[in-house]
Amino acid sequence: MTPLIGETEDERVDLKSKIRNLKSKMKPLRVDIITIFPDYFRAVFDYGIIRRARAAGLVTIEAHDLRAWTSDKHHVVDDRPFGGGDGMVMKPEPIFAAVKSLTGANRRETVPQGTRVVLLSPQGQTLTQASAAEFAKCEHVILICGRYEGVDERVADAVVTDEISIGDYVLSGGEPAALVVIDATLRLLPGALGSETSAVTESFSDGMLDYPHYTRPPEFEGMRVPEVLLTGNHAEIARWRREAALEKTKRNRPDLLK
Ligand code: SAM
């Protein structure tokens with residue numbers, strides 16, 4: 001395969017060693033999840049990108065039980081909505097206490113630099129590759145998972161730095177959304193993926209979708225892999241991939257090209 005960075009084997013080895021040095025100087029990203037279901041996350045931390053990033057020392061992740069920051073006997077985290085209506089609302093006090101204990105701050109203005117306090121919410125700004133890349137540059141990311149009808153608005157008003165939605169649909173809780181944010185963020189940490197360059201060529205990194213991928217067999221149920229991919233002509237393959245990525249973006253996500 002044509003190297004995307006580094007023309008010769010020596011250059012590639014040099015680049016890899018520079019990346020390794022850089023990684024060894026970096027502090028791991030710290031991720032804290034505030035949730036009423038910390039067990040929801042247990043198994044997931046041991047799979048795929050999260051397991052690899054943890055094993056490589058690139059990230060530390062902890063899921064905290066919000067009830068630990070309640071002060072009443074029954075560890076109540078929700079209450080009825082003012083003004084009436086269905087369902088329950090998550091109380092502000094335990095969430096403010098959790099953020100204070102994890103960051104030292106209980107107002108957005110005093111949240112330390114390099115720290116993001118993220119509220120998962122369908123009313124937030126949609127997560128993008130660019131926002132995931134910003135989280136990947138942080139030292140500390142706190143993810144607040146709502147439940148019920150949502151979280152008392154004073155949390156979003158006063159202590160949250162980012163209100164993030166993972167799409168225009170409503171989930172029952174912020175936990176799956178937190179996992180989406182974590183996965184998208186961790187794969188952008190230098191060294192988290194098997195290949196140092198793979199995140200660079202993925203969908204959205206250059207404003208387009210990724211090119212189509214194929215593997216063996218070259219023919220399956222009468223469908224042949226594009227011949228150019230079997231030629232070994234790297235310049236032609238790179239050209240075909242650029243065109244195929246553009247074609248797919250026009251077809252599936254024309255909005256990205258505007
Ligand atoms: N009443 C809220 C509304 O209509 O906007 C929906 C609350 S939802 C049932 C409960 C929690 O799930 C939210 O507080 C949020 O943490 C999470 N959630 C639901 N949909 C989400 C989305 N698209 N992105 C991120 N978090 C979401």
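Here is a quick briefing on how this protein is put together. Keep in mind that you're looking at a predicted model. The protein has 258 residues, and 24% of them are buried. It splits into two domains: domain 1 covers 24–186, and domain 2 covers 201–257.

**The big picture**

- If you boxed up the C-alpha atoms along the principal axes, you'd need a box of roughly 70 × 40 × 35 Å.
- Between the C-alpha centres of domain 1 and domain 2 there are 36 Å.
- Count up the secondary structure and you get seven helices and nine strands.
- Take the contacts between residues at least 6 apart in sequence: 73% of those link residues at least 24 apart.

**The nonpolar core**

- In soluble globular proteins, nonpolar side chains tend to get buried together.
- Here, the largest nonpolar core is made of 46 residues.
- The ones with the most contacts inside that core are V118, L143, I144 and V181.
- α6 supplies the largest share of the core, with seven residues.

- Skip the neighbours within four places in sequence, and V118 is in contact with V141, I142, L143, I144, D162, I164 and V181.
- I144 sits in strand β6.
- Is I144 buried or exposed? I144 is buried, because 27 other C-beta atoms lie within 10 Å, and the cut-off for being buried is 20 or more.
- Leaving out residues up to four places away in sequence, I144 touches I34, I95, V118, L119, L120, V151, V155 and G174.
- I144 and E175 are 31 residues apart along the chain, yet 8.6 Å separates their C-alpha atoms.

**One side of helix α4**

- Which residues of α4 are buried? They are A132, F135 and A136.
- These three span an arc of only 100 degrees around the axis, so they end up on the same side of α4.
- The cover over the buried residues of α4 includes β5, β6 and α6.

**Around the ligand**

- There are 20 residues around the ligand, and the ones that come nearest are L120, G146, L171, G174 and A177.
- Which strand gives the most to this shell? That would be β5, with four residues.
- Sort the shell by type and you find nine nonpolar, nine polar and two charged residues.

**A contrast: D79**

- D79 has its place in strand β3 (residues 78–79).
- With 13 C-beta neighbours inside 10 Å, D79 counts as partly exposed, because a residue would need 12 or fewer to be exposed and 20 or more to be buried.
- Not counting residues up to four places away in sequence, D79 touches M88, V89 and K91.
- D79 and D152 are 73 residues apart along the chain, and their C-alpha atoms are separated by 9.6 Å.

Note on methods. Residues are numbered from 1 along each chain as its sequence is written. This is a predicted model: local features need pLDDT of at least 70, side-chain atom pairs count only at pLDDT 80 or more; totals for chains, interfaces and linings use all residues. Domain bounds come from an automatic or database domain assignment. A nonpolar core is a set of buried Ala, Val, Leu, Ile, Met, Phe, Trp, Tyr and Cys residues joined through C-beta atoms within 7 Å. Helices (H or I, at least four residues) and strands (E, at least two) are DSSP runs, numbered from the N terminus. Two residues are in contact if their C-beta atoms, placed from the backbone, lie within 7 Å. A residue is near a molecule or strand if its C-beta atom, placed from the backbone, lies within 6 Å of it. Ala, Val, Leu, Ile, Met, Phe, Trp, Tyr, Cys and Pro count as nonpolar, Asp, Glu, Lys and Arg as charged, and the others, Gly among them, as polar. The arc is that of the directions from the helix axis to the C-beta atoms.
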